[in-house]
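Hi everyone, thanks for coming.

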Amino acid sequence: QITTLINHKDKPKRSDKTLQAIQRVGQAVNLAVGRFVTVGEAIANENHELKEEMSVACIEARRAGETIAQLTDVASLDHPESDSHITIFTDKTGVVKAARLLLSSVTKVLVLADRIVIKQIITSRNKVLATMEQLEKVSSFQEFVQIFSQFGNEMVEFAHLTGDRQNDLKDEKKKARMAASRAVLEKCTMMLLTASKTCLRHPDCESARINKDGVFHRMRLALEQVIEIVTDSRPNGENEMAPISIYSGIKEFKNKVEGLRENLYFLSKENLSTMLEVILEHTEDFTDSAYTSHEHREHILELSKQAKMELEQLVSVWMQAQNQKTKDLMEDLEVAILKTCQCMNELKREVHSAATSLAADLLKYHTDHMVLKALKITGVEGNLEAVAEYTCKLSEQKEQLVEMCRLLRHVSGTEPLEITCIHAEDTFQVTGPQIISAAETLALHPSSKIAKENLEVFCEAWESQLSDMSLLLREINDVFEGRRGEKRVYLSLPRPGKHNANLKALKPVKLDTEEQAKIAKLGLELHLLTSDVDSETEKWEDQENEIVQHGQGMSSMAYSMYLFTRGEGLLKTTQDLFHQAEIFATEGTKLASALHAISDQVHNDDKPLVLLEAEKLISMCKQLQITAKASAQGKSATFTKVDACILKTRNVMTLLCQLLPLCCKLLRKNKAGNGCLKPAPPWKEDRLRSGTNARTPERRVDTFGIKSLENHVTNMTFLESK
């Protein structure tokens, strides 16, 4: 609005319509500033240390808003230039000054408010640390129950504050680091509870003490990392050294090589050679790994040798071209550039294949969790010798998984996914020894229910991380195959003017900022529903089930529609959205057909229920199709149609959230023990996904396990009965 005022053309003739429009804009700016300043003043009253600075900034902003309103008060003036009243027409520089003051003061208010938020997070962290110190020193169950209850409440507050902050972060790398730290805190809170209980019950047990100390240490590191991200600082002023992956190295190397087409002198041959050397050094992580297959190792070594040869040839032609730019030499240079880049692409493809095939094999091999099951059984039996044998096997498994994470980091493709790989590596490194100490404690005290419960919690954390690795592997493959983004998007995307005959005459339209604001709440609801549907589909063991396939497709399309409400994603215009809504409705109809097929597999008593839900889904999808196909002329009518499509899509997704668990339950009931539903471990409400976007911007970032944490706090009285 300010830009509109400053850029208005000084035409000699000003219509009433122009004057009224200018006045409306000025009044709108003033009203918006008034609302903004009211919030700023309220924040100032609650934070006395910044009250003076905030108040001054608010006063400046209010004054600037009022000045703009006065200078644009022109609607009632027939001849503003002859009137003594100063207006935007007689003093345009006044509007420019007021606009600058307004933007400056608004920025001050925002910066001060941000400082307050950072202070709140630091204060909350300090409370948590102080209570953790008390928890470490307690010597009785009764005292522990009281302090842990307080600790739980403080963790809930910290979760809310850091969850909001994570949503606000624009840097995807920081967002991924925050997600990783919060995931650690989520899982460690439950570990701290059981590890502390075990230590209290068995105060003289060295393995129980080691187990508990490990949890406290990891929580402190995670809390410190959150503060580093929030304050954008590192301890002792040191710089964060991000490890370089093969993917990022190849990408930078290719950019430099291709840059030679534009400029033959912008870098030295030594610079290019050094870059290749660094990349080939990293490939040694693959060739030196005991888990890389012989075939992959040979191919990587062969491509590394070829890359050196191609670069030598490129440098030779490049040096000649610097001295003499003939047509033949420039053609030779182009060929050399293409061959070098092609070789690097093949190397990238080979290391990706090596890492992902290893990961797929390891994850498949360890899905039965045989070592964990054996540790639980031998621990309860008190068989120290067998526990020692299986802890060695777990250590071997840990080394395999750590190596897998290191290799996956090289081929992850995005910084958020790299960070997720590093987090996974740390988790396996730390959780492995913690499982071992918990198993040793149980073997020493085989009749201890608390020691058994503690081992269960650490085993669940291990299983949970393995499950997260399957999702991470899928995301890494998605990035490699070009399906970038935090969530796999539906590939049958509309292209304006190609799909629907009755849309050809319509001009492609995007939502403006005001329309995006109006539809934001509805879009957010749709976003949350996609997460719920994803969560439900992941619980099915049979991921090839037709219902799961259609459900995942619908969730992916709904997510694309949510991104459209934010002005992001692959749906660029309203035509794209309407076509996507039609495809979504068609997919819903297919799911309804699958429900009809399932109705024949369930018990007779349940069949009417399935058919009823199928009819509901068909009806809702038909309504959505009618809405999406209806013509809409004009800006207002188009927005109304967009709103209706999003609303009806949300309604279908709400029904889908109810259908998925119902169908899985009925099929499980029918299959008599061969269930389709996996047991969902606790504390999985906010599973780590990255990158986040990686799968980044912008999957739901909720406060970590808050419902679970609150349940633990309210149910703490069970400890007293023990």
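Let's start with arginine 406 and glutamate 425, whose side chains meet in a salt bridge at 3.0 Å, N to O; the term means a side-chain nitrogen of Lys or Arg within 4 Å of a carboxyl oxygen of Asp or Glu. This pair links distant parts of the chain, 19 residues apart, with arginine 406 in helix α13 (residues 384–410) and glutamate 425 in helix α14 (residues 415–444). Helices here are DSSP runs, H or I, of at least four residues, numbered from the N terminus.

A quick word on the source: this is a predicted model, where local features need pLDDT of at least 70, side-chain atom pairs count only at pLDDT 80 or more, and totals for chains, interfaces and linings use all residues. Residues are numbered from 1 along each chain as its sequence is written, and side-chain values use heavy atoms, with hydrogens and water left out.

Back to our pair: is glutamate 425 buried or exposed? It is buried, at a relative accessible area of 15%, while arginine 406 is partly exposed at 36% (buried is under 20%, exposed over 50%, partly exposed in between, with a 1.4 Å probe and protein chains only).

How many salt bridges does the structure hold? There are 24. One of them joins glutamate 206 to arginine 209, with the closest N and O atoms 2.4 Å apart. The two residues sit three apart in helix α7 (residues 206–231), so about one helical turn separates them.

Finally, helix α17 (residues 546–565) packs with helix α18 (residues 574–599) at about 160°, their axes 9 Å apart; axes are lines fitted to C-alpha atoms over the stretch in contact, and angles run from 0 to 180 degrees between N-to-C directions.
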